[in-house]
Structure formats: structure tokens, C-alpha cells
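Subject: Structure handover

Hello,

Here is the structure for you to look at. My notes on what turned up in it come after.

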Number of protein chains: 2
Amino acid sequence: MIYIAGIDSSIAKRVIDIGLGEGTMRSTLSAIFFTIVLGFIISGCQSSHKVLPSTKQNVLFQYSTLDALLQGAYDGNMSCGELKDNGDFGLGTFNALDGEMIVMDGQIYQVASDGVARVMDDSIKIPFATVAYFEADQTVALKQSMDCSELKTYIDDVLPAKNITYGIKIKGLFSYIKTRSVPRQTKPYPLLVDVIKTQPTFEFFQQRGTIVGFRLPEYIGEVNVAGYHFHFLTQDKKAGGHVLECQVKDVIIEIDYMSNWQILLPTT
Amino acid sequence: MIYIAGIDSSIAKRVIDIGLGEGTMRSTLSAIFFTIVLGFIISGCQSSHKVLPSTKQNVLFQYSTLDALLQGAYDGNMSCGELKDNGDFGLGTFNALDGEMIVMDGQIYQVASDGVARVMDDSIKIPFATVAYFEADQTVALKQSMDCSELKTYIDDVLPAKNITYGIKIKGLFSYIKTRSVPRQTKPYPLLVDVIKTQPTFEFFQQRGTIVGFRLPEYIGEVNVAGYHFHFLTQDKKAGGHVLECQVKDVIIEIDYMSNWQILLPTT
């Protein structure tokens with residue numbers, strides 16, 4: 001284990017891991033120095049308040065499918081601007097599989113393979129994302145320390161049903177959180193299962209931030225990620241990624257019940 | 001094999017079969033006499049022309065999931081009237097699993113376990129259905145005789161992609177078609193897999209009519225029926241059911257490409 005001091009103390013270590021997530025065999029291959037980019041890329045990606053049409057409330061919207069992504073369909077035709085018309089909260093990725101997407105408060109962030117979070121322009125295209133207009137139906141304050149696995153069981157126990165879809169927002173202090181991102185790919189695209197064999201991972205300690213994600217039913221095949229799928233953004237919005245492990249310390253869990261699920265399938 | 005003469009010659013034989021569909025072991029247990037009800041139940045279920053909002057075109061709408069139905073959730077809260085607000089074409093079932101649903105030209109038909117098709121009232125509730133506003137994107141005239149399995153391969157070969165959803169309408173002359181229905185259940189509801197062990201089946205020879213159905217991608221788990229799912233209604237709209245076997249003779253195949261898939265998940 002090699003610890004690298006960065007400008008942002010929240011990113012304490014970066015390693016190259018093998019494996020998709022918790023429970024898969026991982027081995028540290030090398031440690032690579034990285035630079036924290038000071039400041040965000042200035043973009044035209046400003047959020048604006050809209051009166052929502054009633055049909056967009058309580059709707060889980062997804063563009064394309066996990067199946068397509070697993071098969072290497074990393075280029076989509078939807079823009080970040082179009083995605084934001086369908087939700088202000090969520091997660092996904094960008095064309096060429098260029099990093100992890102976090103949608104929070106109407107802004108779209110990319111955590112690229114350098115571990116840095118940037119606001120993305122409305123013109124950027126995406127191959128896969130899941131978003132919603134987040135409105136908490138249930139709020140739980142959790143001051144107990146627990147790891148991601150215990151956290152999921154804890155949330156399962158407070159949900160009214162297992163067969164609908166939920167938006168999950170977890171905000172507060174994490175004593176530990178480990179994320180990954182995926183590096184931008186070049187054609188011919190490798191399969192996702194091969195890409196993540198060398199995924200860069202990031203560890204955070206005593207970090208404030210927000211997990212955005214969803215809990216989808218187990219019966220959904222490869223339409224989307226079944227069960228919990230979490231992305232993370234630090235409080236200062238400078239880092240984050242796809243959550244691999246976590247230890248919550250003092251968080252507020254907000255749950256949005258979503259019974260209307262809309263899937264836009266790319267035709268190309 | 002016992003052949004029973006009915007008022008409607010299109011229903012030539014009714015047997016009790018074991019098995020879900022083609023390829024499963026079936027054995028004839030008994031033959032039961034039945035009566036053809038002369039005329040439909042008069043209902044307030046009249047279709048009306050509406051100018052569709054653009055968002056409803058190219059949309060596959062489903063209420064609840066196959067998973068829920070497989071688990072015995074046979075009572076839903078959606079009415080036939082509400083279902084018709086989401087499509088004029090499709091299939092499903094009714095509360096208490098009371099027969100097979102065919103939605104055609106804005107009318108909702110039930111083929112109950114007596115094999116008779118009836119127009120259903122807007123107030124009738126349903127647990128599961130898939131509908132769309134059908135508009136053919138592709139039309140194929142098929143004068144060649146082929147069975148259901150060959151027909152599916154034939155349609156597969158003309159589709160532009162396998163990863164989106166399609167509405168399929170097949171109208172014309174069938175040299176043979178075998179359907180089933182499901183009998184109305186009483187609580188405590190048995191699982192669907194047990195219900196269909198004694199499903200009534202119906203055979204038609206040299207029958208004119210229409211298959212309504214869908215082709216959904218293979219990756220969808222138990223969200224809905226993966227692959228092809230066909231229901232049938234005779235030309236005189238007096239009989240039909242869930243298609244188990246067929247031999248087409250001279251038909252027009254209409255295919256509606258649907259890239260927007262909306263799933264309304266019951267919360268109870």
C-alpha cells in the first residue's frame with residue numbers, strides 16, 4: 001500500500017485495482033501519482049429552476065440499458081442537456097466510457113480516471129444514465145457506524161416494498177469510502193468486464209459528501225443494475241466515483257419512492 | 001381426442017392441457033363441453049378517438065411486471081379505462097387472473113376459460129398488461145406457410161435491432177392456431193406455474209384472425225415476457241387466447257418499433 005499526499009487531503013490514496021466491486025478479487029498493481037486540477041472547467045452547464053410537469057415526478061428515467069453497456073456500446077446520442085430534462089439527480093457515464101457520472105442538484109459531474117470531479121457541459125454525449133427529479137418520501141438520520149453491506153440491509157428494512165424502484169441520497173460524514181472510475185476508452189471498445197480489470201480506485205477517510213444512487217428490484221435482468229448502485233461526490237465537489245466500499249458515520253438517508261420507470265432505448 | 005361441435009366452427013376442440021406453451025409436455029386429461037355465448041356483453045367500454053400527445057407515440061407501456069404475476073399478485077388497481085389511456089393495442093390479464101386480455105383497435109377483450117371473447121367494461125381492474133398506440137413502422141406480407149417457431153425466426157430476420165421493443169400485429173389466415181386461457185382464481189392465489197398446469201386450451205383450423213403481441217429483448221429478466229408474446233383474437237372477435245402454437249398461411253405482419261418503454265409499478 002502506497003499513500004500519496006495530494007493537494008486535496010480527501011483523496012488519500014489511489015491504486016489500480018482488479019475487480020468490479022466488493023467481494024471480487026482485487027490486487028494492487030501499481031500506484032500512480034496524480035494532480036488535482038484546481039477549479040472546475042467553466043461550462044455553460046448552469047442549472048435552472050423549472051416547474052416540473054406532473055408526469056416527471058415520481059419517475060425513474062434511464063437512457064439505454066446495462067446490457068448495452070456490458071456489450072461495449074459506449075457511445076450514445078443523448079446529451080447532458082437532454083438528460084437534465086429528465087431529472088436533477090442520478091448517475092451514469094459518458095461517451096467512450098469517460099468516467100463516472102454524478103447528477104446532483106441539477107448539475108452533471110464527471111469523475112474521470114484521474115479522480116477529479118468536473119462539471120460537464122450540456123453538449124457532452126452519454127451512452128447510459130439513470131436520473132430522477134428527487135423528492136424524499138422518507139428521511140432517516142443514521143448516527144450509527146456501519147459498512148456498505150450493513151447500510152444496504154438497514155435501508156432494505158425501512159423500505160415499504162422490494163418490488164419498486166427507489167432513489168437513494170445519503171449525505172453526511174463517511175469514516176471511509178472507496179470509489180473507482182473508468183478510463184476513457186478507444187475503439188475498438190473492450191467489454192466493460194475487461195475495462196474494470198484495471199480500474200483506478202480512490203480512498204477517502206473522514207470525508208463529508210453525498211452518495212447518489214438507486215435501489216432497483218432483483219428481477220430486472222440486465223435492464224439496469226439490480227439492487228443498490230451508488231456513486232459518490234465529496235462535499236467540496238472535487239472528487240468521487242462509483243462506490244466500492246464505505247463506512248458511514250453520521251449521515252442522513254433520503255429515499256424517493258418511484259413507481260414509474262421510463263426507459264429510452266437507443267435504436268442504433 | 002374428442003371433437004366437440006360448437007355454434008362457432010372456429011372453436012373445434014377444447015382440451016385440458018398441462019404445460020405453459022410449446023415444447024412442454026402436455027397430456028389431454030379430459031374434454032369438457034362448453035357453450036358459445038351468443039353476442040358480447042354490452043358494456044360502456046366504447047373506444048373514442050383522441051389526438052395523441054406526442055409522448056404516447058412510440059411508447060410501450062406496461063402496468064406491473066411479469067415477476068409480480070409469477071408470484072401470484074393477481075389483483076391490481078388499474079382499470080381497463082385507465083389502461084386504454086396508454087394504448088389501443090396489446091395484451092394482459094384481469095384481476096383474479098380471469099382470462100387472457102387482447103387489446104385491439106382501442107377495445108379490450110377478455111378470453112375467459114370458457115374460450116369465449118367478450119368486450120370488457122372500463123371499470124374492470126387488471127393486475128398486468130402491456131399496451132401501445134400501434135403504428136406500423138414496417139409491414140411484411142407473408143404468403144408462405146410456417147409454424148410459430150419459423151415465424152419468429154422470420155420476424156427476427158427483418159427487425160432492425162434485437163435490443164429494442166416491438167409491437168407485432170399478424171392479421172390474416174391461420175391454417176392452425178392453438179391458444180390457452182387461464183381460469184379465474186380464488187384466494188389464497190396459487191402461483192402462476194401451478195395455475196397453468198390445468199389450463200384450458202383451444203384449437204382453430206383455417207381461422208381468420210389477428211395475433212397481437214410484442215417482442216421484447218432477452219435481457220429483461222422478469223420485468224416482462226422476454227422474446228415473443230402473442231395473444232390471438234378471431235376475425236369475428238368471439239374467441240382467442242394466449243398463443244401456444246400456430247401455422248400461418250397468408251398473413252400481413254405489421255411491426256411497430258418502440259424505443260420508449262414505460263413501466264408503472266404497483267406500490268401495493
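What follows covers some salt bridges, the nonpolar core and one glycine.

Please keep in mind that this is a predicted model.

Salt bridges

Over all chains, the search of the whole structure gives 16 salt bridges. Three of them are described here.

One joins the side chains of A:Asp98 and A:Arg184, with N to O at 3.1 Å. A:Asp98 sits in the loop between strand 4 (89–93) and strand 5 (100–104) of chain A, and A:Arg184 in the loop between strand 12 (165–180) and helix 4 (192–195), so the bridge ties together parts that are 86 residues apart in sequence.

Another pairs A:Asp250 with A:Lys143, where the closest N and O atoms are 3.6 Å apart. This pair also links distant parts of the chain, 107 residues apart: A:Asp250 belongs to strand 15 (residues 240–258) of chain A, and A:Lys143 to the loop between strand 10 (138–142) and strand 11 (146–147). A:Asp250 is partly exposed, with a relative accessible area of 32%, while A:Lys143 is exposed, at 64%.

In chain B, a salt bridge connects the side chains of B:Arg118 and B:Asp114 at 2.5 Å, N to O.

As background, side chains of opposite charge can pair when their charged atoms come close.

Nonpolar core

Which residues touch the most other members of the largest nonpolar core? They are A:Leu151, A:Ile170 and A:Ile253 in chain A, and B:Leu151, B:Ile170 and B:Ile253 in chain B, out of 98 residues in that core. Setting aside residues up to four places away in sequence, A:Ile170 touches several residues, including A:Leu151, A:Ile155, A:Phe230 and A:Ile253. Also among the residues that A:Ile170 touches are A:Gly209 and A:Thr210.

A glycine in chain B

B:Gly240 lies in strand 15 (residues 240–258) of chain B. Is B:Gly240 buried or exposed? B:Gly240 is buried, with a relative accessible area of 0%. Apart from neighbours within four places in sequence, B:Gly240 is in contact with B:Val111, B:Gly115, B:Thr179, B:Phe202, B:Phe204, B:Phe232 and B:Leu233. The C-alpha atoms of B:Gly240 and B:Ile102 are 8.5 Å from each other, although 138 residues separate the two along the chain.

Regards

Notes:
Residues numbered from 1 in each chain as written. Chains lettered and ligands numbered in written order. Predicted model: local features only at pLDDT ≥ 70, side-chain atom pairs only at ≥ 80, totals over all residues. Heavy atoms only, no water. Salt bridge = Lys/Arg side-chain N within 4 Å of Asp/Glu carboxyl O. Helix = DSSP H or I, 4+ residues; strand = E, 2+ residues; numbered from the N terminus. Buried < 20%, exposed > 50% of the residue type's maximum accessible area, 1.4 Å probe, protein only. Core = buried A, V, L, I, M, F, W, Y, C linked by side-chain atoms within 4.5 Å. Contact = heavy atoms within 4.5 Å.
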